[in-house]
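Please keep the sequence and the 3D view open while reading.

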Amino acid sequence: MDMKMYSKFDRHVLVVNRIIIGFLVIITVIPLVYVTVASFMDPATLLNKGISFNPADWTTQGYQRVFADHSIVRGFLNSIFYSFAFSVLTVLVTMLTAYPLSKPSLYGRGPIMMFFVITMFVGGGLIPTYLLIKNLGMLDSVWALIVPGAINVWNIIIARTYFSGLPKELSEAATIDGANEMQIFFKIMLPLAKPIMFVLFLYAFVGQWNSYFDAMIYIKDPNLQPLQLVLRNILIQNQPSQDMVGASTAMAEMKQIAELIKYATIVISSLPLIVMYPFFQKYFDKGVLVGSVKG
Amino acid sequence: MEKVYHTTSAAATTVPRIAKKRRDKALWDRLKRDRWLYVMLLPGILLTLVFKYIPMYGAIIAFKNYNPLLGILRSPWVGWAHFQEFIFSPNFTTLLLNTFKLSAYGLLLGFLPPIILALSLNQIMNKKIRQKLQLILYAPNFISVVIIVGMLFLFLSANGPINGIVTKLTGKPIMFMSNPGYFRTIYILSGIWQGMGWASILYTATLAGVSTDLYEAANMDGANIFEKIWHIDLPALKPVMVINFVLAAGNIMNVGYEKAYLMQTSMNIPSSEIISTYVYKIGLQSGDYAYSAAVGLFNMIINVVLLLFVNNVVKKLNDGQGL
């Protein structure tokens, strides 16, 4: 828009507005920059003086130490597997459930929808769910992280809304050609629903990747731990492995090294999402918008 | 005369019967026609039955003296004993207030920033610049809660960067993470830092949909930016604001325990222990399943009541429009 459209007062307001947004951007970026620079610092300098922009104080020691231990890499691989399997299952179940519920002529559609929606507001809670998982023999197994969360009512509502918006003529034409609903679903509807499937997949993937609580209660075997649990050991519980810190270091040095390892760990583990996210941003935005459609 | 009477009475009974038969046949045909649709629904229904409804049934252990060896069914009933125990326990008020305050303050402080940010971004006319700014402002949303809390511990530790500044100013560091007085502030401010940008997406999108005619008309009338925000932007945002507020207020007892649990230290427990972290500790760490299930159930009931209450209040204020 032309600047001449604005009065003098408005132009002042716009300047203040830019300052405010600039301030917010700086507030957002500073912690991230700080962590990144700190992860390259010499451990003694970091603990005593904080970060510096003098390359003489920089090392890659933190990263070498983090990779000296397998736990991060193993957590990474576990998390990739869990997130991928979980997202595929979620999308599949969501699509299968949402398509029939998008048909107005389906007998019992209202009650079936109610059956799902109730679970958004009422639930058994943490303890009964834990006991169920335990009784099913799913403790310390991959299934505990992948299966129970695969059904999500929000996703169903979103996908159902999407299917409702697709032209009816397509499935009608296919019915006349003698295709049954299963064929219509897999051959016509799913390909049309690719955009929404991708959005749901991304959300499920990020959600699973970033969560730790279910893994904390269900998974005890260190070999099965997802990345977030490994991170929790290092960052929150202050338990970096001996391989990282080194066995024969003095107390004071250990403290410095532990600090450095934490910064390096944060950078390594959040880098993939932060780097990938700009490429997927439009899909994430879309997810928020479709999600806002009332079901 | 009698004959006529007969035929009508026969007709009166057979017609509904035929109609019912026809309806049954029609229903059967519909079910048969849609059989594949029902097959598709099966996995979702099964998963929901097993992982959502069985735990609801399992919640009856809240009214029992649960013994794992006897199982849920055969464990003896104790009625409301666990609930009474919780309500009369010394930490009941603290837990309830901690949960409520953490959530309510979070809602009060966190509700406006995304709206202000959206209004602010909306004033930036250059689309490319605006998108770049959004890209940066949304990024923290993708950082996991474990890393966020890890960063909090690093930044706020005695020799961390924040205390570097504090020590220069006052001479001694502040123990942020072990002082119960700071817990809620840290929790809420870091939550706003992480979530403000992301929460603004919906508002930004709503503003993008406002017709430019309205702004042009306002320009004709000589309205300034604030007048345009007040008379055009805010009314456009109102429905989204209402929905967000109802959802947040209805979820007030469901405050994010994942983050609260990670932020807990033995020193800040007086303000950081909330009902859900307490349930986890009593239930899964100490193994008192029945009592902690009762506490969890108590929390959920409050939450449902709150949701209904808030929805009703908003309905009254918002011309009958709730959720």
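The UniProt annotation "domain: ABC transmembrane type-1", from an unreviewed entry, covers residues 96–310 of chain B. The model is a predicted one. Over residues 96–310, chain B is 78% helix and 0% strand, with the end C-alpha atoms 18 Å apart.

**Annotated transmembrane regions**

- For chain A, the unreviewed UniProt entry places the feature "transmembrane region" at residues 20–41, 80–101, 113–133, 145–163, 184–206 and 260–280.
- Among these, residues 113–133 of chain A are 81% helix and 0% strand, and the end C-alpha atoms lie 25 Å apart.
- Residues 145–163 of chain A are 68% helix and 0% strand, with 28 Å between the end C-alpha atoms.
- For chain B, the "transmembrane region" annotation (unreviewed UniProt entry) covers residues 36–54, 103–121, 133–156, 186–215, 236–257 and 289–310.
- One of them, residues 186–215 of chain B, is 87% helix and 0% strand, and its end C-alpha atoms are 40 Å apart.
- Another, residues 289–310 of chain B, is 100% helix and 0% strand, and its end C-alpha atoms are 31 Å apart.

**Domains within each chain**

- Chain A is divided into domain 1 (3–68 + 240–291) and domain 2 (71–223).
- The C-alpha centres of domain 1 and domain 2 of chain A are 34 Å apart.
- Their contact takes 12 residues from domain 1 of chain A and 12 residues from domain 2 of chain A.
- On the side of domain 1 of chain A that touches domain 2 of chain A, the largest share, 10 residues, comes from helix α15 (residues 251–291) of chain A.
- By class, that side of domain 1 of chain A has 7 nonpolar, 4 polar and 1 charged residues.
- Chain B is divided into domain 1 (2–79) and domain 2 (83–317).
- In chain B, 42 Å separate the C-alpha centres of domain 1 and domain 2.
- The contact between them takes 6 residues from domain 1 of chain B and 5 residues from domain 2 of chain B.
- The side of domain 1 of chain B that touches domain 2 of chain B divides into 4 nonpolar, 1 polar and 1 charged.

**Contact between chains A and B**

- The contact takes 74 residues from chain A and 66 residues from chain B.
- Helix α1 (residues 8–39) of chain A gives the largest share of the side of chain A that touches chain B, with 14 residues.
- That side of chain A has 51 nonpolar, 17 polar and 6 charged residues.

- Helix α7 (residues 145–156) of chain B has 12 residues, which at 1.5 Å a residue should span 16 Å; its end C-alpha atoms are 16 Å apart, so the two values agree.
- Because 11 of the 12 residues of α7(B) are buried, this helix is largely enclosed by the rest of the structure.
- The buried residues of α7(B) include B:Val145, B:Val146, B:Gly150, B:Met151 and B:Phe155.
- The largest nonpolar core has 131 residues, of which A:Ala159, B:Val146, B:Ala293 and B:Ala294 touch the most other members.
- Not counting residues up to four places away in sequence, B:Val146 touches A:Tyr212, A:Gln228, A:Leu231, A:Arg232, A:Leu235, A:Ile236 and B:Leu262.

**Single residues**

- B:Ala199 is found in helix α9 (residues 180–199) of chain B.
- B:Ala199 counts as buried because 22 other C-beta atoms lie within 10 Å.
- B:Ala199 and B:Leu117 are 82 residues apart in sequence, and their C-alpha atoms are 9.5 Å apart in space.
- A:Thr175 lies in helix α9 (residues 168–176) of chain A, and with 14 other C-beta atoms within 10 Å it is partly exposed.
- A:Thr175 and A:Val142 are 33 residues apart along the chain, and 40 Å separate their C-alpha atoms.
- A:Asp140 sits in the loop between α6 (126–135) and α7 (143–146) of chain A.
- With 12 other C-beta atoms within 10 Å, A:Asp140 is exposed.
- A:Asp140 has a positive phi of about 60°, although it is not a glycine.
- Most residues other than glycine have a negative phi.

Methods. Residues are numbered from 1 along each chain as its sequence is written. Chains are lettered from A and ligands numbered from 1 in the order in which they are written. This is a predicted model: local features need pLDDT of at least 70, side-chain atom pairs count only at pLDDT 80 or more; totals for chains, interfaces and linings use all residues. UniProt positions are given in the numbering used here, feature names are shortened, and annotations may be inferred rather than shown by experiment. Helices (H or I, at least four residues) and strands (E, at least two) are DSSP runs, numbered from the N terminus. Two residues are in contact if their C-beta atoms, placed from the backbone, lie within 7 Å. Ala, Val, Leu, Ile, Met, Phe, Trp, Tyr, Cys and Pro count as nonpolar, Asp, Glu, Lys and Arg as charged, and the others, Gly among them, as polar. The expected span of a helix is 1.5 Å times one less than its number of residues. A residue is buried if 20 or more other C-beta atoms lie within 10 Å of its own, exposed if 12 or fewer, and partly exposed in between; C-beta atoms are placed from the backbone. Domain bounds come from an automatic or database domain assignment. A nonpolar core is a set of buried Ala, Val, Leu, Ile, Met, Phe, Trp, Tyr and Cys residues joined through C-beta atoms within 7 Å.
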